[in-house]
Amino acid sequence: MKRAGISRPVEIGLRFIGMWPESAYPNLYLFMYMTMIAVMQYYQYLYVVARFDMTNLTVLTDCLGLALANTLVFFKLSCLAWNRRIFHNILAAMDRDWNECIINDSSIMMAVANQSCRNSIVIIGIPIIAGFFVSIGIYIYRMMSSEISRDLPVKMQFSFDALESPVFECILALQMFYVMSLASVAGIINALLASLVIHMGGQVDILRRVITEIHSSNNELGTSINLLSDLIKKHQKIISLSDDIENLFSFIALLQLLWNTLIICCSGFMIIFALSTHKGVMVLAKSIFFYIAKTLEVFVFCYAGEFLSFKSKSISDAVYESHWYNLMPSDTRVLLFVMLRSQKRLTITAGKIFDLTLEGFMSVMKASASYMSVLHAMY
């Protein structure tokens, strides 16, 4: 899958949720998975509503943070399903880029593919570790402790007795699959965005190399028309691919920033509570990994927007730093238009409202810390 620039774990996860092109029964897989999430979410929010008491903030923030995180994954899947055609067009464009690189020179894109694979492993692995501590790890810890209790790792409100065997064991296994799969899907969506943005960076590097070749091919008769035509086509394809990525992830990014502000607030409050009351190593580990995973999600989106902006600016810099003054006037006018077009930054916006930048990431962290301090003062 290096030709497509998507790592194998990301492809397997997209096939699991029915988003990969030409996968078997995609609508059936997506419907079954979304139905499972909706049912489990219903019982989770029943528990939250039943215990919505501001005097017991620890129970409320613990169950509410996980419920909001699972709802965020549900909305992300809904957005991907709604924009499935755009996603398939992006994959087709990436495949065409790889076909061109195989014909010409694939050294840059092979390095991009290796970087994408390494990043995908990290981005997917951290949410999986957090999901393990939230579901499987905390249950194993309770079994190993002296105090044995038949508590479900994910708090849910059922209309029947869920603590009797074999109902308890069935629900326990379903909850573990539910949490681990949602953690994996959340990481896969983040890794997908990272892979697409890294691919864009590789295409920009190839475009900059084309600009260098135009300079090196300069002679008294002027620059080759074929090289200038190739430059314009590559630049236009980069702009088109960036617009598709923006349309695919714009609303997801808006949900990511708004939702994760509350989730990070809840998980941070649980960390403070665990440290101040010495409630146990497992509760602290669960909260810390959950906090890291949610912070990483916001960082990936904001860094992706910052990365695209930097890469788009580098196109203009490459044209400016070339020896354009040695070219013929007709050739310099072409480079001038490329420079002017690259002044409009390529970026990812949050719901077409504002650009995703590292400054926006710091704003999310500051807002979460402010809400967390308010909850700590109320507690």
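Tutor: Gladly. By class, 12 of the residues lining the largest cavity are nonpolar, 2 are polar and 2 are charged. Please keep in mind throughout that this is a predicted model. Searching the whole structure turns up 2 cavities of 30 Å³ or more, and the largest of them has a volume of about 150 Å³. Its lining is made by 16 residues, and those closest to the centre are Asn70, Pro127, Ala183, Phe290 and Lys294.

Is lysine 76 buried or exposed? Lysine 76 counts as buried because its relative accessibility is 1%. Apart from neighbours within four places in sequence, lysine 76 is in contact with Ile189, Asn190, Ile252, Gln256 and Glu297.

Now for the nonpolar packing. As a general point, nonpolar side chains in soluble globular proteins tend to be buried together. In this model the largest nonpolar core has 95 residues, and the members that touch the most others are Leu14, Leu77, Leu196, Leu231, Ile245 and Phe249. Helix α6 supplies the largest share of this core, with 23 residues. There is also a second, separate core of 7 residues, with Trp98, Met109, Val112 and Ala113 among them.

Setting aside neighbours within four places in sequence, leucine 14 has contacts with Met19, Trp20, Phe87, Ile188 and Leu192. Leu14 is also one of the buried residues of helix α1 (residues 8–16), together with Val10, Glu11 and Gly13. These four lie on the same side of α1, because the arc they cover around the axis is only 165 degrees. Arg8 and Ile12, on the other side of α1, are exposed. After α1 comes glycine 18, with a positive phi near 75 degrees.

Another place to look at is leucine 241, in helix α7 (residues 225–277). Leucine 241 counts as buried because its relative accessible area is 5%. The C-alpha atoms of leucine 241 and isoleucine 90 are 6.6 Å apart, although 151 residues separate the two along the chain.

In general, most residues other than glycine have a negative phi, and most peptide bonds are trans. Tyrosine 25 is not a glycine, yet its phi is positive, at about 50 degrees. Tyrosine 25 is in the loop between α1 and α2 (26–50), and it counts as exposed because its relative accessible area is 61%. Lysine 352 also has a positive phi, of about 60 degrees, without being a glycine. This lysine sits in the loop between β1 (349–350) and β2 (354–355), and a relative accessible area of 53% is why lysine 352 counts as exposed. The peptide bond from serine 165 to proline 166 is cis, and its omega is near -5 degrees. Proline 166 belongs to the loop between α5 and α6.

Finally, let us step back to the whole chain. There are 10 helices and 2 strands, and from the N terminus the order is α-α-α-α-α-α-α-α-α-β-β-α. Of the chain's 379 residues, 51% count as buried. Among contacts with a separation of 6 or more, 79% join residues 24 or more positions apart.

Conventions. Residues numbered from 1 in each chain as written. Predicted model: local features only at pLDDT ≥ 70, side-chain atom pairs only at ≥ 80, totals over all residues. Heavy atoms only, no water. 1 Å grid on protein atoms, 1.4 Å probe; cavity = no way out; pocket = protein on both sides within 12 Å on 5 of 7 lines; lining within 4 Å. Points joined across faces, edges and corners; volume = space filled by probe spheres on them. Nonpolar A, V, L, I, M, F, W, Y, C, P; charged D, E, K, R; others polar. Buried < 20%, exposed > 50% of the residue type's maximum accessible area, 1.4 Å probe, protein only. Arc of directions from axis to C-beta. Core = buried A, V, L, I, M, F, W, Y, C linked by side-chain atoms within 4.5 Å. Contact = heavy atoms within 4.5 Å.
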